[in-house]
Amino acid sequence: QVQPVESGGGLVQAGGSLRLSCAASGGTFSWVAVGWFRQAPGKERDIVAAINWSGTNTYCADSVKGRFTISRDNAKNTVYLQMNSLKPEDTAVYYCAAGSNIYYSTTPDGYGYWGQGTQVTVSS
């Protein structure tokens, strides 16, 4: 059973960059889609970006389009979220989730395996 493990969160000033990593523990991501979600206090968990099994098809939410990039390295069993031009409103806990098939979903119920989350805080 695959367990996503996130890393790379932290505190950054507005305009800065972070790269989040999601590694697969106890299994492999190679044949499934992976999504990044975020949840701020008092808000719902929203999709940030998603990628299909091969990396040939990606999705980014409108709020991060042009600033965030999702990618994957199946040889390393890892999915990345490069976050540039960060804004205070990007502050949230970021979760990586693995799906059960090759196509990505943009809703949380499309993913069955979730990481513990990593905090991203953007100061103004």
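A disulfide is a pair of cysteine sulfur atoms within 2.5 Å. The model is predicted: local features need pLDDT of at least 70, side-chain atom pairs count only at pLDDT 80 or more, and totals for chains, interfaces and linings use all residues. Residues are numbered from 1 along each chain as its sequence is written, and side-chain values use heavy atoms, with hydrogens and water left out.

Q: How far apart are the sulfur atoms of Cys 22 and Cys 96?
A: The structure holds 1 disulfide. Cys 22 and Cys 96 form it, and their sulfur atoms are apart by 2.0 Å.

Q: Which strands hold Cys 22 and Cys 96?
A: Strands are DSSP runs (E, at least two residues), numbered from the N terminus. The pair ties together parts that are 74 residues apart in sequence, because Cys 22 lies in β3 and Cys 96 in β9. The strands are therefore β3 and β9.

Q: What is the angle about the S-S bond of Cys 22 and Cys 96?
A: The link of Cys 22 and Cys 96 is left-handed. The angle about its S-S bond is -80 degrees.

Q: Is Cys 96 buried or exposed?
A: Buried means under 20% relative accessible area, exposed over 50%, and partly exposed in between (1.4 Å probe, protein chains only). Cys 96 has a relative accessible area of 0%. Cys 96 is therefore buried.

Q: How far from Cys 60 is the nearest cysteine sulfur?
A: Cys 60 is in no disulfide. The nearest cysteine sulfur belongs to Cys 96, at a distance of 14 Å.

Q: How many residues of β8 are buried?
A: Strand β8 is largely enclosed by the rest of the structure. This is because the buried residues of β8 number 5 of the 6.

Q: How many bridges join β7 to β8?
A: Two strands pair if DSSP finds at least two bridges between them. β7 and β8 run antiparallel, and one of the bridges links Ile 70 to Leu 81 in β8. The number of bridges joining β7 to β8 is 6.

Q: Which residue of β8 is the bridge partner of Cys 22?
A: β3 and β8 run antiparallel and are joined by 6 bridges. Within β8, the bridge partner of Cys 22 is Val 79.

Q: What is the phi of Asn 77?
A: Most residues other than glycine have a negative phi. Asn 77, in the loop between β7 (68-73) and β8 (78-83), takes a positive value. The hairpin of these strands has 4 residues between them, and the phi of Asn 77 is near 55 degrees.

Q: Is Ser 85 buried or partly exposed?
A: Ser 85 has a positive phi of about 50 degrees although it is not a glycine, and it is found in the loop between β8 and β9 (92-98). Its relative accessibility is 42%. Ser 85 therefore counts as partly exposed.

Q: Which residues touch the most other members of the largest nonpolar core?
A: A nonpolar core is a set of buried Ala, Val, Leu, Ile, Met, Phe, Trp, Tyr and Cys residues joined through side-chain atoms within 4.5 Å. The largest has 29 residues. Those that touch the most other members are Phe 29, Trp 36, Leu 81, Met 83 and Tyr 94.
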